[in-house]
Amino acid sequence: MALIRKKNAGFTGDTVQLDGVALRYDTGRDVFKALTLNLPQKSFYFLTGPSGAGKTSLLSLLYLAMRPAEGTLRLFGEDVTLASRTRLAELRRKLGVVFQDFRLLDHLSAFDNVALPLRVAGIGEAAVRRDVSELLKWVGLADLMDARPAILSGGQKQRVAIARAVVNRPSLILADEPTGNVDDKIAVRLIQLFVELHKLGSSVVVATHNESLTARFPFPRLHLENGTLSVLPPQVGAETG
Amino acid sequence: MMLAFRSDLPLRKTAAGHFVQWLVMVLVFMAALAATVHAYTDGLLTHWNRSVVGTLTVQIPPPAAENATPAASTSDAVTAALGALKTHPAVATANLIPRGKVLELLEPWLGSGAAVSDLPLPALIDVQLRDNDASAAAAVGKALSAAVPTAIVDDHRVWLSRLTNLAEGVGVVALTLMAMISGALALTVIFATRASLAEFVQVIEVLHLVGAKDDYIAGQFARRALSQGIIGGLCGLMLYVPTLGVIAWLGSRVERGMLPDITLPLTLWLTLAALPFVAGLLAMATAHMTVRRTLRTMM
Ligand SMILES: Nc1ncnc2c1ncn2[C@@H]1O[C@H](COP(=O)(O)OP(=O)(O)OP(=O)(O)O)[C@@H](O)[C@H]1O
Ligand SMILES: [Mg+2]
């Protein structure tokens, strides 16, 4: 698949720059404070940490669902706290997000769910049909294009969610437990999709609890625990693939 | 083409949406009736103005005697009155309305027949003034009562000005009604839109997350409101047409003379034809504004 379109011509800095970022929910508790982190372009990281450590929260900062309570977040070099609503939408179009709870639209077919990022960006229907069917075939859902999410299994929903995340050829892929509902064989195949996109130039962050994946793919790990983030080297070799 | 109506939001199914359509139907129906009444009253006024301005009607009562013959009303008094009128400088023409015509005018109220033709009727003189001004009418009245003290002068200006007031009042009511209808429509669209925004918060959030701009989302609501407005409006007109037919038929049964035939102007029909589209555009603009305003408070 020729997935990467040139989107950030001229931008050569780090894709993600977190500088002293604190994240706080309305309940008042800080998930983390003073987080500083740079993710270079064309990087691939796993994001690990115990349940409740804040992996989803960190990703939601990056996909611009939440704003930092303190500090600055730059995406593609742009300070998101200064961006207008329109600009935020434009930045989100460079992202591909797999949500932990999928967030598929129940009233739309698998096909229309995957088509959503293209349609909101105003891509023509011919291109939409071509790209979406190709991708759904790739994730093994060619026969379920017209199915509503309600009749899909957990793993099938997850694959629809992944297809939706990558259909717009994102510069930054943020995947939150993207393989939590599939067996290891499919999990490897799905991560392989992200690896392909990574080779074509996307930056990727995959939050996962799955040790066999972090062991199989030679990528560094961002480990979040007790409000602190540490970068761990690839875990490769711990297990054979 | 199906694609033109593709929507990412399940707006088609909302109860609030159906409500807008019904309301637009009723509002357009009422607006159409108000516009028609306004146009008819306007036409009536022009009609009266044209036929009545610059004229006086002089009544000469019949002699009071019980046994006087009807012919007695064409008496010296009439001759004197005609004489005084015809020589007055402000009068263009003065003609005695023949007794037959008077009976005809009274027919709607009194019916016809021997009993009626025996009634002692006043003599009526139709007077055309040279100029249409109040002082001329007063001067003619004065000269006339000098010649024939029993003569009564009807200056049409008086009842005409009352009718004008009435017609203008109807016009103001019609316009107020239209303004209130537009306001009611806007308010309904605002509440219906807010209701479906609240209903679809999750969907809208997902749309935002995959990169939708506020305009894109607002556009979906606006398109829906536009089609609801137009469909509801056309239904309202479909309700209006037979209603107008019934009213026209009832009107035609009223004795002629009481309700003159007024040709309703082309502008009325054009206005009516435009109503569904005006309603649609109003609904669309309101929905768009409401959505944009609400989205600004969202993620
Ligand atoms: N919407 C919210 N409002 C308030 N607190 C929240 C909210 N979402 C998450 N939290 C809290 O933030 C902390 C981090 O949660 P988060 O979902 O980011 O963890 P996680 O690392 O993704 O966990 P998991 O591995 O189970 O998905 C938790 O203590 C959680 O209770
Ligand atoms: Mg999580």
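This is a predicted model: local features need pLDDT of at least 70, side-chain atom pairs count only at pLDDT 80 or more; totals for chains, interfaces and linings use all residues.
The secondary structure of chain A consists of seven helices and ten strands. The radius of gyration of this chain is 17 Å, close to the 18 Å given by the globule rule for 241 residues, so chain A is as compact as a globular protein of that length. Taken along the principal axes, the box filled by the C-alpha atoms of chain A is roughly 45 × 45 × 40 Å.

With the overall form of the chain in view, the reader may turn to the ligand. There are 14 residues around ligand 1, and those that come nearest are A:Arg29, A:Ser51, A:Lys55, A:Thr56 and A:Ser57. Helix 1 of chain A, which spans residues 55-62, gives the most to the shell, with three residues.

Some contacts with ligand 1 can be followed atom by atom. A polar side-chain atom of A:Ser51 lies 2.5 Å from an oxygen atom of the ligand, and a polar side-chain atom of A:Thr56 lies 2.7 Å from an oxygen atom of the ligand. In the case of A:Gly52, a backbone N or O atom is placed 2.8 Å from an oxygen atom of ligand 1. As for the surface of the ligand, ligand 1 on its own has 630 Å² of accessible area, of which the protein covers 64%.

The last part of the description concerns empty space. Rolling a probe the size of a water molecule over the atoms shows where such space is left. The count comes to three cavities of 30 Å³ or more. The second largest cavity has a volume of about 80 Å³.

Which residues line the second largest cavity? Its lining includes A:Arg92, A:Phe99, A:Pro117 and A:Asn168 from chain A, together with B:Leu209 and B:Val210 from chain B. Strand 6 (95-98) and helix 5 (154-166) of chain A each supply at least two residues of this lining, and the largest share, three residues, comes from strand 6.

How values were computed: Residues are numbered from 1 along each chain as its sequence is written. Chains are lettered from A and ligands numbered from 1 in the order in which they are written. Side-chain values use heavy atoms; hydrogens and water are left out. A residue is near a molecule or strand if one of its heavy atoms lies within 4 Å of it. A polar contact is a pair of N or O atoms within 3.5 Å; within protein, one must be able to donate a hydrogen and the other to accept it, and residues adjacent in sequence count only if both atoms are side-chain atoms. Accessible areas come from the Shrake-Rupley method with a 1.4 Å probe; for residues, only the protein chains shown count as cover. Helices (H or I, at least four residues) and strands (E, at least two) are DSSP runs, numbered from the N terminus. On a 1 Å grid over the protein atoms alone, a cavity is a set of points where a 1.4 Å probe fits but cannot get out, and a pocket is an open set with protein on both sides within 12 Å along at least five of seven lines; lining residues have an atom within 4 Å of a point. Grid points are joined across faces, edges and corners, and a volume is the space filled by probe spheres set on the points. The radius of gyration is taken over C-alpha atoms; the globule rule is 2.2 Å times the number of residues to the power 0.38.
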